[in-house]
Amino acid sequence: MVRNPPAISDVAVSISGPVSIRTGESTAWSIAIRNRGTVDASGTNLMISPPGGLVAPGFAGATCTPSGGQHQCAISALPAGANVTVTLTGNAPSSLGSLTVAASTPVMSGELSSSNNSQSFITSVRPHIPS
């Protein structure tokens, strides 16, 4: 007997980017939201917290608006198996340290797993080396 998989959504967030950058250098992180479920997810929002100290942050891949220290990126529909990638860009600060990007999406009703709904990524800022 063949059984159909249950009708569920499972929205997951992942972030990739550079492990380290130099002061003043431009950089980018890719923040992906993927529906690993068997049904479409609608009305999904991706909340991104750009790192403090990032100079001139910008977003591509979705319309993102400031919302209480974060940016809310509206993802109207996310079909089963589909993903959307939002790119966060900016320049490293002139001071050494680290930049932490965080992203999350709210838990959807009936979601298979909520443990994959948020992630953070740390990039270290190293000294600029003159040419």
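**Close-up 1. Asn-116 and its surroundings in the predicted model.** Asn-116 sits in the loop between β9 (97–104) and β10 (118–126), where helices (H or I, at least four residues) and strands (E, at least two) are DSSP runs numbered from the N terminus. Once residues up to four places away in sequence are set aside, Asn-116 touches Asp-10, Val-11, Ala-12, Val-13, Arg-36 and Glu-111, a contact being heavy atoms within 4.5 Å. With a relative accessibility of 14%, Asn-116 counts as buried, a class that means under 20% relative accessible area, with exposed being over 50% and partly exposed in between (1.4 Å probe, protein chains only). The model is predicted, so that local features need pLDDT of at least 70 and side-chain atom pairs count only at pLDDT 80 or more, whereas totals for chains, interfaces and linings use all residues. Residues are numbered from 1 along each chain as its sequence is written, and side-chain values use heavy atoms, with hydrogens and water left out.

**Close-up 2. Asp-10 in the segment before β1.** Asp-10 is placed in the segment before β1 (11–16), and its relative accessibility of 2% makes it buried. Its side chain makes a polar contact with the side chain of Asn-116 at 3.5 Å; such a contact is a pair of N or O atoms within 3.5 Å, of which, within protein, one must be able to donate a hydrogen and the other to accept it, and residues adjacent in sequence count only if both atoms are side-chain atoms. Neighbours within four places in sequence aside, the residues in contact with Asp-10 include Arg-34, Asn-35, Gly-37, Leu-112 and Ser-113.

**Close-up 3. The disulfide of Cys-64 and Cys-73.** The structure holds 1 disulfide, defined as a pair of cysteine sulfur atoms within 2.5 Å. Cys-64 and Cys-73 form this link with their sulfur atoms 2.1 Å apart, and the 110 degrees about the S-S bond make it right-handed. Both partners are buried, Cys-64 at 16% relative accessibility and Cys-73 with a relative accessible area of 0%.

**Close-up 4. Strand β4 and its pairing partners.** β4 pairs with strand β7 (residues 70–78) in the antiparallel sense over 7 bridges, where two strands pair if DSSP finds at least two bridges between them. In this pairing Asn-45 stands opposite Ala-74 in β7. β4 also pairs with β9 in the antiparallel sense, over 3 bridges, and there the bridge partner of Met-47 is Ser-104.
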